[in-house]
Amino acid sequence: LFPCRRKGAMMDNRFATALVIACVLSLISTIYMAASIGTDFWYEYHTLSPAENVSEAGRSIWEEFFSKEADEKTYTDALFRCNGTVGLWRRCITVPKNSHWYSPPENDMTTNCISFSLSDQFMEKYIEPGNHNSGTDLNRTYLWRLQFLLPFVSIGLMCFGALIGLCACACRSLYPAIATGVLHFLAGLCTLGLVGCYVAGIELLHKKLPLPDDVRGEFGWSFCLACVSAPLQFMAAALFIWAARTNRKEFTLLKAYRVA
């Protein structure tokens with residue numbers, strides 16, 4: 001029996017290590033996901049000279065950007081021309097701190113943001129952005145809604161999985177870790193779906209509203225955090241499921257050996 005006990009102890013250490021690594025990966029992915037949701041750098045636009053927006057035409061663009069009646073085309077044009085950034089909850093542009101006519105257009109710029117309201121998140125997108133009579137663009141409408149809902153579903157699944165993991169620790173059993181792994185796998189699928197929906201939505205928008213020649217667009221670091229979060233969730237799910245299933249199999253074999 002002593003060799004069996006020694007072997008079982010080694011297995012317990014191996015399972016414990018896998019669970020610790022899985023928990024660390026789950027924690028990191030949750031932090032990354034929360035940070036990506038709360039920041040505004042999913043997509044960034046870079047213009048050659050934002051200081052040119054001090055002109056009368058430039059001021060009218062960013063004043064319309066902050067208007068409550070601003071439609072998709074209006075605020076997208078402002079994003080193009082004013083070094084804009086877009087997040088899941090807010091859109092931001094870079095404007096001069098002092099826009100008076102007597103103020104020189106120096107590099108004294110500031111970033112101002114406006115939040116998407118809940119109604120904005122579920123608002124219909126139109127075939128021709130800004131033209132309400134052009135009909136509803138169903139693809140972009142549902143992509144926009146999914147990119148708003150999926151990150152919260154992902155975080156909710158991971159939190160629920162963590163709760164099940166705490167219950168497993170209290171019961172001193174690895175069996176519930178399978179459910180934790182499955183929930184993390186589903187969370188990874190939601191995060192992957194979020195990334196796909198966002199990329200598809202941006203590509204479809206730029207087909208409707210092409211970037212001007214002097215404007216460059218690129219995905220920002222908030223988007224990269226979401227991209228990194230998905231594989232971390234999958235790795236955590238694999239470790240949870242592997243530890244639970246392998247421990248159950250070894251426990252069954254050990255029990256059969258003792259009975260024999």
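1. Helix H3 (residues 72–81) lies across S1, S2, strand S3 (90–96) and S5, and runs at about 50° to S3. Helices (H or I, at least four residues) and strands (E, at least two) are DSSP runs, numbered from the N terminus. Axes are lines fitted to C-alpha atoms, for helices over the stretch in contact, with angles from 0 to 180 degrees between N-to-C directions; contact means heavy atoms within 4.5 Å. Helix H6 (residues 177–208) also packs on the sheet, where H6 touches S1, S2 and S5 and makes about 35° with the direction of S1.

2. Please keep in mind that this is a predicted model, where local features need pLDDT of at least 70 and side-chain atom pairs count only at pLDDT 80 or more, while totals for chains, interfaces and linings use all residues. Residues are numbered from 1 along each chain as its sequence is written, and side-chain values use heavy atoms, leaving out hydrogens and water.

3. Now the sheet itself. Five strands form an open sheet in the order S4-S3-S2-S1-S5, with antiparallel pairing. Strand S4 (109–115) and strand S5 (215–219) are at the edges with a single partner strand each, so one side of each has no neighbour in the sheet. Two strands pair if DSSP finds at least two bridges between them. Strand S1 (residues 43–47) and strand S2 (residues 85–86) are joined by 2 bridges, and Glu-44 has Thr-85 in S2 as its bridge partner.

4. The structure holds 1 cavity of 30 Å³ or more, and the largest cavity has a volume of about 200 Å³. On a 1 Å grid over the protein atoms alone, a cavity is a set of points where a 1.4 Å probe fits but cannot get out; a pocket is an open set with protein on both sides within 12 Å along at least five of seven lines, and lining residues have an atom within 4 Å of a point. Grid points are joined across faces, edges and corners, and a volume is the space filled by probe spheres set on the points. Of the 15 residues lining the largest cavity, Glu-72, Trp-144, Gly-201, Ile-202 and Leu-205 are the closest to its centre. H3, helix H5 (138–171) and H6 each give two or more residues to this lining.
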